[in-house]
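I have my notebook open and a model to page through. Here is what I looked up, entry by entry.

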Amino acid sequence: MIEIIDVRKSFGQQEVLKGISTVFESGQCNLIIGRSGSGKTVFLKCIVGLYTPDSGSISFDGRDVIGMDRKSKQDLRKEIGMLFQGNALFDSMTVFENVQFPLDMLSYMSLEEKRERVAFCLKRVNLTGAEKKYPAEISGGMMKRVGIARAIVMNPKYLFCDEPNSGLDPKTAILIDDLIKEITVEYNMTTIVNTHDMNSVMGIGDKVVYLSNGLKSWEGSKNEIMNTENEDLYDFIFASDFLKGLQKAATGRK
Amino acid sequence: MKLFSEIGRFVMMILSLFTKPERFSMYWKETMRQMVNIGIGSLIIVGIVSTFVGGVTAVQFSNQIMGLELIPMWWLGYIVRDSMILELAPTITGLLLAGKIGSNISSELGSMRISEQIDALEIMGVNTPAYLIGPKVIAGIFVMPILVTIAVALGIFGGGMAGVVGHYYSAQEYMRGNQDMFVPRFAYIMLFKAAVFGFIICSVSAFYGYNVKGGALAIGEASTKSVVNSCILIIIANFIIASLLLS
């Protein structure tokens, strides 16, 4: 479980996060949604510790990360896996080496054990056969799957995904979403996904937090989101007139 | 004020390199890779430049002292050797590599920063300055003296070839000059200078690359800054070392 209390973050004069509090439960896919510039990525980076919040507290199963010393932070990070928006794969390494890297750097496994673990993770994300390819030689969807394999190779307790569907076609995006959901349930991870894709929300969102202008504007489940009374969220979900028309026709909403 | 802030951040970065490696074998592997990149990758350019610098030094000095009864021509061997050891090989190799290696390091780290690869390493729990910058700095400190020694050898060879082919002196005269009045301390100063220059090139360029913020334009700016500042620091360090160790 990740508990966030009144997190604030500013860059110079610009206050990006204006006091956000929420709880993300384990074994669930928690989605952070919002328009571009709403503070989603900054919020996610504050949670994983890439940015230090100006105030507030963030605790991972009772461990407050903000006051943590470097050593404890590094230990906690071994329990974290992250899928980046641009994948952040190491260009000079093959797919296999990319996935093996965290094990080489941080585990005490034998070479044979490492190879078995990498092969298992690549099989789990359906990437068997692409081991020797370099990131530049594979498609966007495959890169995402390599990113997921690398994120789960250390068997993390917490999984973070920043815009996992960006740049993917709708079908591949659904496959990636399903993979994230399956892995979350399979390993009972606390997963937080940053997205503005409503397909993801309806597909995998156990809990949804909507950010608007650096504030938590709404939170609830995917079942509640369609009937929201929050006008801002309603506008975000039904961004096009076409979708708004369909919604109004279906619900009789004016 | 900005200068002091940059110096402070640079010192903090250097201090952060002194931490226990997460896995020593990975750091060792990375250091060896950097040594090959910096050393083998720079051999050809260093070889060509130093051979011609030695040749030019020999030809120019020959023309200046030719006909002067007081200075025998075999002194050219001595002049070329000491010029290469004390000044030309370390400084020219340093400036050359500030351009070649410095821009390479800053753009490599800058690209890693922008493509979030450094963030990915941070999330894994890797001490990124120690892993990404440390091996480069160590490689620079150890490889640079080797490159400069090779540059001296090739510079002396170039001086000999230019003088003999240009009929300024015979090979025997040149060899005599090479072997005469050798001061071992000069060679130690050369090695020390080279190590300092190696540190400057790798640490300064890594500093600018690691702290890139923005996009492709920022990488270009970081690359330019790293080359310019490395060159300035090399020239200043050269003067300080020469003043302190030769006086």
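**Entry 1: where the chains touch.** I started with the rule for a contact: two residues are in contact if their C-beta atoms, placed from the backbone, lie within 7 Å. This is a predicted model, so I kept in mind that local features need pLDDT of at least 70, that side-chain atom pairs count only at pLDDT 80 or more, and that totals for chains, interfaces and linings use all residues. For finding my way, residues are numbered from 1 along each chain as its sequence is written, and chains are lettered from A and ligands numbered from 1 in the order in which they are written.

With that rule, I found 15 residues from chain A and 13 residues from chain B in the contact. Helix 4 (residues 117-124) of chain B gives the largest share of chain B's side, 6 residues. My helices (H or I, at least four residues) and strands (E, at least two) are DSSP runs, numbered from the N terminus. I also sorted chain B's side by class and got 5 nonpolar, 3 polar and 5 charged residues. For the classes, Ala, Val, Leu, Ile, Met, Phe, Trp, Tyr, Cys and Pro count as nonpolar, Asp, Glu, Lys and Arg as charged, and the others, Gly among them, as polar.

**Entry 2: chain B overall.** How many helices and strands does chain B have? I got 8 helices and 0 strands. Its C-alpha atoms fill a box of roughly 70 × 40 × 35 Å along the principal axes. Of its 247 residues, 43% count as buried (20 or more other C-beta atoms within 10 Å of the residue's own, with C-beta atoms placed from the backbone; 12 or fewer is exposed, in between is partly exposed). I also looked at contacts in chain B between residues at least 6 apart in sequence, and 88% of these join residues at least 24 apart.

**Entry 3: two helix pairs in chain B.** Helix 7 (residues 184-210) and helix 8 (residues 216-246) of chain B have axes 9 Å apart and pack at an angle of about 155°. Axes are lines fitted to C-alpha atoms, for helices over the stretch in contact, and angles run from 0 to 180 degrees between N-to-C directions. That angle makes helix 7 of chain B roughly antiparallel to helix 8 of chain B (over 145 degrees; under 35 is roughly parallel, 65 to 115 roughly perpendicular, the rest oblique). I noted 15 nonpolar, 6 polar and 2 charged residues in their contact.

Next, helix 5 (residues 128-165) and helix 6 (residues 171-179) of chain B: their axes come within 9 Å and cross at roughly 150°. Helix 5 and helix 6 of chain B are therefore roughly antiparallel too. B:I156, B:G160, B:G163 and B:V164 of helix 5 meet B:A171, B:Y174 and B:N178 of helix 6. By class, I count 4 nonpolar, 3 polar and no charged residues there.

**Entry 4: strands in chain A.** An open sheet in chain A has 4 strands in the order 2-1-4-5, with antiparallel pairing (two strands pair if DSSP finds at least two bridges between them).
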